[in-house]
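Subject: Structure handover

Hello,

The structure is pasted below, and my notes on it follow. Please keep it open while you read.

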Amino acid sequence: MKLSTRFARRTVAATAAMVAVAGLASATATAAPAPKTTDIRLISINDLHGNLTPPSGSSGRVTLSDGTTVDAGGAAYLVTHVKQLRAQVRNSMVLSAGDNIGASPLNSALFHDEPTIELLNLLGLTASSLGNHEFDEGYRELLRMQFGGCHPTDGCQFHDSFKGAKFPYLGANVTFDNGLPAALPFTIKVSGGVPIGIIGLPLEGVPDVVTPEAIEGLKFGDEVEAINRTSKVLDKLGIRTQVVTMHQGDNTEGGGPNDCRTVPGAATAIAQAASPSVDVILAGHSHQQYNCVIDDPAGNPRTVIEGSSFGRLVSVVDLKIDKRTRDVVRDQTVAHNEIVTRTVTPDPAAQALVDEATAKSAPIANAQVGSITTDLVRAAPESGESPLGDVIADGQLAATQANSPVIAVTNPGGIRNDLTFAGSSAGEGDGVVTYGEAFAVQPFSNIMQTITLTGAQLKAVLEQQWQPQPDGSVQVRILQVSSTLHYTWSRSAPIGSKISNITIQGQPVDPNASYRVSLNNFIAAGGDGFTEFRNGTDLAGGPVDLDAFTAYLTANPNLSPPPADRITVAP
């Protein structure tokens, strides 16, 4: 890739500058005696996904330890909270654990997320790790987000020009096929006279959750290996305070923002193995809330924290730095997740930006596409079948009838928001569904496809809903299915043998028979670990998934949740 030279040169130049900074810090460290410690505050967000307007439904609430909820989120409120937090500690910096953009609501996505990058510049972001969604529109578009310039096809539609991010995107484990770095591995910030090394990286599994064409020519390496390799560089530069911001996280068993009820997964495994030189790990990707302390390989306590998603929480980590050693006094680290309540005064500059993006997108966003009788939500019971997932799959089956499908399936990760009867803050509140609300549910513009699978292959696909992970955990992704497909899964059966009683249109599935299956191009290419789909044949194209969704809403006014009988659970 010809772009490799640009990033390689930038990496070399940045490293040289950082060496100079480290040298300066080393020199000043020998000056006159200073107070024993200095206070540094890290303020972190993750998985904002372009949510400028306060998110609605469950996406706009934070669950507390006692099960009650608090309305939260909204960019203007986020900026106010961050400014208040910065004002409390002189030496503060704002970081992000990735997925700032991508899968965004229409008032950001319509402008290729330029409004969100401008919002993050306004927020004073110091650095951000890359997330998988930063790659949604490909590497060239990621470069445009970093360096600026107008979109090659649509031009500059939000403002007359786009200057790009004022903060560096970091990807210590991202390289080109030729081995050259495709992003900066780290940056150094001097705060309170202390040099702080910030290592950033996305999850190794980016290829599993992004379309192949978007990351063509790129490789994503092991997270621990990348962290340890980069940490050694910082060690050699004399940088003793090191922070990792990574787009990888754990799931939880519930709990409030400051509980640690995680299901040990990728983030825990990384935290247990990453270099003891790293003092804090800021996590993301799983959209969960937790505040944990996990011992590093040397047995020292280390904060691992994640702040939900959509700007509902801000993760705050207060560090005490020994001014002699320039390292963190670990046992004095204090961390908490702060709720971005809507009871504060919204920041005027941020509110003006949000209002501008909303107004410019309004002619498209506010067009009515359907109506519902009650909330259609993503949340699912134990079976994994959700009301909104049912509706989307039914819509995809209807939209691809020219390809003669008998079932449709879609991935739960592609369903990004609820459809609420009350609507968004711009909605009518009477069950009307607008284009903007539908877009927030299906924002990826995936292309519908139809393939042929045998009955045996279909069962293999359904078995892949349980995916063992390298750390010993199991990732469960229950596909959402059309009303023509029914099956049972077993709690107690081993992985690979959980599925039984598969029927299509009321008839038992024949392992040797052929069935036409409609799905989006992301999972058709093996996305989310559904690699069996790659063995499908006779591929035929269809509409964009959002168009399929809106067409179904329009054709079925006053839509209600379908019966939840497609997936059943056995002991």
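Which residues does Leu119 touch, leaving out those up to four places away in sequence? They are Leu48, Leu52, Ala75, Val79, Ala350 and Leu353, where a contact means heavy atoms within 4.5 Å.

Before the rest, a note on the source. This is a predicted model, in which local features need pLDDT of at least 70 and side-chain atom pairs count only at pLDDT 80 or more, while totals for chains, interfaces and linings use all residues. Residues are numbered from 1 along each chain as its sequence is written, and side-chain values use heavy atoms, with hydrogens and water left out.

Overall fold

The protein chain has 14 helices and 32 strands; these are DSSP runs numbered from the N terminus, helices being H or I of at least four residues and strands E of at least two. Its radius of gyration is 24 Å, close to the 25 Å from the globule rule for 571 residues, so the chain is as compact as a globular protein of that length. That radius is taken over C-alpha atoms, and the rule is 2.2 Å times the number of residues to the power 0.38. Along the principal axes, the C-alpha atoms fill a box of roughly 80 × 55 × 50 Å. Of the contacts between residues at least 6 apart in sequence, 76% join residues at least 24 apart.

Cores

Of the 571 residues, 57% count as buried, that is, under 20% relative accessible area with a 1.4 Å probe, protein chains only. The largest nonpolar core has 79 residues, and Leu119 is among those with the most contacts inside it, as are Phe135 and Val314. Helix H2 (residues 75–88) gives the most to this core, with 7 residues. A second, separate core of 24 residues includes Ile199, Leu237, Val278 and Ile294. A core here is a set of buried Ala, Val, Leu, Ile, Met, Phe, Trp, Tyr and Cys residues joined through side-chain atoms within 4.5 Å.

Most residues other than glycine have a negative phi. Asp113 has a positive phi of about 65 degrees, and phi of Asp528 is near 60 degrees. Asp113 lies in the loop between helix H3 (106–109) and helix H4 (114–123); Asp528 lies in the loop between helix H13 (521–524) and strand S31 (537–544). Asp113 counts as buried at 6% relative accessibility, and Asp528 is buried with a relative accessible area of 6%. Gln146, in helix H5 (residues 139–147), is also buried, at 6% relative accessibility.

Regards

Key
Buried < 20%, exposed > 50% of the residue type's maximum accessible area, 1.4 Å probe, protein only.
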